[in-house]
Amino acid sequence: MVESRLACPFHKHNALIFRKCRSKKLRTTADVRAHIKRCHLQPPFCTRCRKVFSGKNQHDLLRNHIEQQPCQVSDLVDVPHGITAVQEDALNQRGELMLSGASPEARRWYAIWQVCLPGEPFPDSIYIRESSEDAQSLLQTCRTLVVG
């Protein structure tokens, strides 16, 4: 019997950008939460110019940046991928969604999805797909990006 692995919600949402998450061995929703906290925390960034800060003193660098002369407002709408500190706190709550017919593990996984990707439609499955299905998903993502 093949053991099912839970998918990273970010991989499920965009398999092209988060393809490395496919290889993670996530067997429980606790594993999924730990993976997200380890790999998908949003880096500190300036909300005006969108500059991202990294390194040991990333929060101090951002604070100094904000305290200096006002930076140039960026037209970019995109923010760095990942979850915010508020979303991280919500992940720690370990809730379940009330979904009829879903297993407790699925209800917990969909609650994680809702925290990480609010407003996005739920995927059909919480598990890593077989290679052929995953390839079809990647192809559809590429078509969407090209066509618009």
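Author: In this predicted model, the buried residues of α2 are T29, V32, R33, H35 and I36. Around the helix axis they cover an arc of only 160°, so they sit on the same side of α2.

The side chains of H35 and H40 make a polar contact at 3.2 Å. H40 belongs to the loop between α2 (29-39) and α3 (58-67). H40 has a relative accessibility of 7%, and because buried means under 20%, H40 counts as buried. Apart from its neighbours within four places in sequence, H40 is in contact with C8, F10, F18, C21, H35, G82 and I83.

The loop that holds H40 ends at α3, and helix α3 contains another histidine, H65. The relative accessible area of H65 is 14%, so H65 is buried. With neighbours within four places in sequence left aside, the contacts of H65 are C46, C49, K51, F53 and C71.

As for the chain around these parts, it has six helices and zero strands, and its pattern along the sequence reads α-α-α-α-α-α. The chain has 148 residues, of which 34% count as buried. Among contacts in the chain with a separation of 6 or more, 57% are between residues 24 or more positions apart. The chain exposes about 10,000 Å², and carbon and sulfur atoms supply 52% of that area.

Aromatic rings can be treated separately. Four aromatic pairs turn up in a search of the whole structure. Ring pairs link W109, Y110, W113 and F122 into a cluster.

To return to the part you asked about: the buried residues of α2, H35 among them, lie on the same side of the helix, since their arc is only 160°.

Notes. Residues are numbered from 1 along each chain as its sequence is written. This is a predicted model: local features need pLDDT of at least 70, side-chain atom pairs count only at pLDDT 80 or more; totals for chains, interfaces and linings use all residues. Side-chain values use heavy atoms; hydrogens and water are left out. Helices (H or I, at least four residues) and strands (E, at least two) are DSSP runs, numbered from the N terminus. Buried means under 20% relative accessible area, exposed over 50%, partly exposed in between (1.4 Å probe, protein chains only). A polar contact is a pair of N or O atoms within 3.5 Å; within protein, one must be able to donate a hydrogen and the other to accept it, and residues adjacent in sequence count only if both atoms are side-chain atoms. Contact means heavy atoms within 4.5 Å. Rings of Phe, Tyr and Trp (its six-membered ring) pair if their centres lie within 6.5 Å; planes under 30 degrees apart count as stacked, over 60 as edge-to-face and the rest as tilted. Accessible areas come from the Shrake-Rupley method with a 1.4 Å probe; for residues, only the protein chains shown count as cover. The arc is that of the directions from the helix axis to the C-beta atoms.
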